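This report walks through one model, element by element. Keep the sequence and the structure in view while reading.

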Amino acid sequence: MGTEALIEFDLVEAGYGTLTILQKASLSVREGLITLLTGANGAGKSTALKALFGVIRPTSGDIRLGGKSIVGHSPRKMIDLGMAYVPQDRSLFPSLSVFHNLELGGIMLPRKLIRPRIEEVLERFPRLRERVNSQASTLSGGERKQLEIARALLLRPSILLIDEPSIGLSPKIVGEVFDLLGKLATDGKTILLVEQNVRSALKVAHHVYGMEIGRIVIDMPADRVMDDPAFTRLLLGGHVPEAA
Ligand SMILES: Nc1ncnc2c1ncn2[C@@H]1O[C@H](COP(=O)(O)OP(=O)(O)OP(=O)(O)O)[C@@H](O)[C@H]1O
Ligand SMILES: [Mg+2]
């Protein structure tokens with residue numbers, strides 16, 4: 001298990017047009033671990049993932065991958081650097097089959113690699129294999145989430161960014177999704193998980209950041225966080241003084 005800071009946000013400011021959302025946010029994601037970023041609706045969690053993946057460009061501060069700045073890189077470049085992103089919003093093509101959704105995820109691969117890679121990811125998702133010819137719109141919520149993750153894994157990323165995977169899923173399926181993330185980390189993948197379902201996420205997370213109105217206010221190991229009064233306040237929506 002690696003402990004290097006693979007990803008670093010260094011006083012990042014980012015937002016939309018003239019609207020600044022991330023307010024000098026600093027955090028680091030260590031290699032081979034699951035880092036949880038949590039906080040209330042609108043805190044800026046998804047914005048942080050978008051800034052990292054190159055969907056939006058920070059206006060100040062730096063984001064580094066393996067010590068090198070990646071500010072200004074396109075999402076395509078981030079994929080080439082081994083990053084995969086499962087966004088919060090639905091990103092599947094509902095009228096296409098499971099297979100075709102996977103195929104589109106592998107569109108950047110050499111043609112002859114696509115089928116073997118689809119085979120490879122289906123090994124992890126027996127339920128998707130059973131439904132491989134079904135239209136994505138006919139999948140259950142849990143199956144759709146599996147398909148989104150499977151598609152992200154097609155390019156064999158070393159880093160997975162995943163935004164609120166538990167939304168709309170029953171507790172049992174949430175458990176399965178987090179178990180899968182735990183296995184991926186055990187296999188060596190680095191995961192930045194945005195999630196408000198903290199109790200479930202803490203079963204697999206190693207480190208926790210809490211965000212409040214664009215600021216990082218909690219920064220601590222996962223096994224300590226539930227005993228921390230500031231974290232409890234964050235969960236309950238109370239104000240938390242900024243982390244030192
Ligand atoms: N494309 C956009 N244009 C303008 N403002 C945006 C855009 N996307 C998000 N925002 C605003 O940025 C702020 C942070 O949004 P963000 O989606 O990062 O929050 P979040 O922490 O992911 O919230 P949630 O838990 O609800 O997903 C919100 O006030 C939101 O309205
Ligand atoms: Mg969000």
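Which residue in β4 is the bridge partner of Glu13? It is Ser60.

## Basis of the model

This is a predicted model: local features need pLDDT of at least 70, side-chain atom pairs count only at pLDDT 80 or more, and totals for chains, interfaces and linings use all residues. Residues are numbered from 1 along each chain as its sequence is written, while chains are lettered from A and ligands numbered from 1 in the order in which they are written.

Helices (H or I, at least four residues) and strands (E, at least two) are DSSP runs, numbered from the N terminus.

Two strands pair if DSSP finds at least two bridges between them. Strand β1 (residues 5-16) is joined to β2 by 8 bridges, and the two run antiparallel. Ala14 stands opposite Leu22 in β2. Val12 stands opposite Ala25 in β2. The hairpin of β1 and β2 has 2 residues between the strands, and Gly17 takes a positive phi near 60° there.

β1 also pairs with strand β4 (residues 60-65), in the antiparallel sense, over 5 bridges. Strands of a sheet pair through backbone hydrogen bonds, either parallel or antiparallel.

## The six-stranded sheet

An open sheet of 6 strands has the order β6-β7-β8-β3-β9-β10, with mixed pairing. Its edge strands are β6 and β10 (215-221), each pairing on one side only. From one strand to the next, the twist averages 15°. Axes are lines fitted to C-alpha atoms, for helices over the stretch in contact, and angles run from 0 to 180 degrees between N-to-C directions.

β7 pairs with strand β8 (residues 190-194) in the parallel sense, over 5 bridges. The bridge partner of Ile159 in β8 is Thr190. Two helices can be followed here. α1 packs on the sheet and touches β3 (34-39), β6, β7, β8 and β9 (207-212). The direction of α1 makes about 150° with that of β7. α6 packs on the sheet too, touching β6 and β7. The direction of α6 makes about 165° with that of β6.

## Helix α6

Helix α6 (residues 141-153) has 13 residues, which at 1.5 Å a residue should span 18 Å. The expected span is 1.5 Å times one less than the number of residues. The end C-alpha atoms of α6 are 19 Å apart, which agrees.

A residue is buried if 20 or more other C-beta atoms lie within 10 Å of its own, exposed if 12 or fewer, and partly exposed in between, with C-beta atoms placed from the backbone. In α6, 11 of the 13 residues are buried, so the helix is largely enclosed by the rest of the structure. Among them are Leu147, Ile149 and Leu153. The cover includes β6 (83-86), α3 (98-105), α4 (111-124), α5 (126-130), β7 (159-163) and α7 (171-186).

## Leu184

Leu184 is found in helix α7. Leu184 is buried, with 20 other C-beta atoms within 10 Å. Leaving aside neighbours within four places in sequence, Leu184 is in contact (C-beta atoms, placed from the backbone, within 7 Å) with Leu160, Lys189 and Ile191. The C-alpha atoms of Leu184 and Ile159 are separated by 9.9 Å, and the two residues are 25 apart along the chain.

## Around ligand 1

Of the 13 residues around ligand 1, Tyr16, Asn41, Lys45, Ser46 and Thr47 come nearest. A residue is near a molecule if its C-beta atom, placed from the backbone, lies within 6 Å of it. β2 (19-30) and α1 (45-53) each supply at least two residues of this shell. The largest share, 3 residues, comes from α1.

The shell residues divide into 4 nonpolar, 8 polar and 1 charged. Ala, Val, Leu, Ile, Met, Phe, Trp, Tyr, Cys and Pro count as nonpolar, Asp, Glu, Lys and Arg as charged, and the others, Gly among them, as polar.
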